[in-house]
Amino acid sequence: MTSSMAPLRAVVFDMDGTLVDNMVFHNQAWVALARKLGLSLTADDFQMHFAGKKNEEILPALLGRPLAPEEMHQLAEEKENHYRTLYRPHLRLHRGAEAFITRLSEARIPAAIATAAPQGNRELVLDGLGIRPLFNRVVGAEEVTRGKPSPDIFLAAAKALGVEPGECLAFEDAVLGVMSARDAGMTVVGVTTAAPAEQLREAGAGWTVPDFMTLPPEVEARLFSAR
């Protein structure tokens, strides 16, 4: 059996932009913070170069200098509070996600979340939507040294689920996230909420989808047919 047809035994989801279509609100909050700091940053710049990284990686890169811990914390909190205020009224799972996650659960396919989102943002989505119990594990940026595009967080998620990375299907919306999952050795589906399909494929996504309503047939077969 070729690896391209090997069964997939677990699923790892990015959270922001993947399970929830919220990147426009993150990007607005980052652009607002950058402007306040006297920097020019467009939403596209952020999505392409920073989405998926940890705040501790984004802020020094944006400002072009190291930050003291208290300044780092203050700026990160300002951005995240602004984002949560913007996004809270729009909180909902992305199209088809709930049915797909339920289907995984019924098929006893373990699922994890691998996200750079800080704890307050994870709580907003996972507890605000009541979906935390549907996942075997939530792996946050604080558990790994390097954010995406390094493969660390996807490798940690596979380990947490007790499966080989090559047996995992990953869903990601960001270019850096797709690179991260690809370099972890996972089969990657790009979700086109924030970046064009072409960019996600160039980064290593085998397929792209607009949402979770329909899976690519080959992915569907590898995930569910062996059961």
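T187 is buried in this predicted model, with a relative accessible area of 14%, which falls under the 20% cut-off for burial. The residue sits in strand β5, and its side chain makes a polar contact of 3.4 Å with the side chain of R222.

**Overall fold and surface**

- The chain contains ten helices and six strands, and its C-alpha atoms fill a box of roughly 55 × 30 × 30 Å when this is taken along the principal axes.
- The radius of gyration is 17 Å, which agrees with the value near 17 Å that a compact globule of 227 residues would have.
- Buried residues account for 51% of the 227 residues in the chain, while the chain exposes about 10,200 Å², of which carbon and sulfur atoms supply 52%.
- When contacts between residues at least 6 apart in sequence are considered, 66% of them join residues that are at least 24 apart.

- Helix α8 spans residues 175–183, and its buried residues are V175, L176, G177, V178, S180 and A181.
- The cover over these buried residues includes the helices α2 (43–49), α7 (152–161) and α9 (197–203), together with the strands β4 (168–172) and β5 (187–191); β5 is also the strand in which T187 has its place.
- Just after α8, the backbone at G185 takes a positive phi of about 95°.

**Buried positions in a strand and a loop**

- A112 belongs to strand β2, which covers residues 111–115, and it counts as buried because its relative accessibility is 0%, where burial requires a value under 20%.
- Leaving aside neighbours within four places in sequence, A112 is in contact with V11, V12, F13, F135, R137, A157 and L161; for one of these, F135, the C-alpha atom lies 5.4 Å from that of A112, although the two residues are 23 apart in sequence.
- H94 is found in the loop between α4 (69–87) and α5 (97–106), and despite this loop position it is buried, with a relative accessible area of 5%.
- A polar atom of the H94 side chain lies 2.9 Å from the backbone oxygen of P210.

**Backbone features in loops**

- R108 lies in the loop between α5 and β2, where its phi is near 55°, a positive value in a residue other than glycine.
- With 71% relative accessibility, R108 counts as exposed, since the cut-off for exposure is over 50%.
- K148 and P149 are joined by a cis peptide bond with an omega of about 20°, and P149 lies in the loop between β3 (137–140) and α7.

Notes. Residues numbered from 1 in each chain as written. Predicted model: local features only at pLDDT ≥ 70, side-chain atom pairs only at ≥ 80, totals over all residues. Heavy atoms only, no water. Helix = DSSP H or I, 4+ residues; strand = E, 2+ residues; numbered from the N terminus. Rg over C-alpha atoms; globule rule 2.2 N^0.38 Å. Buried < 20%, exposed > 50% of the residue type's maximum accessible area, 1.4 Å probe, protein only. Contact = heavy atoms within 4.5 Å. Areas by Shrake-Rupley, 256 points an atom, 1.4 Å probe, with all protein chains shown as cover. Polar contact = N/O pair within 3.5 Å; in protein donor to acceptor, adjacent residues only side chain to side chain.
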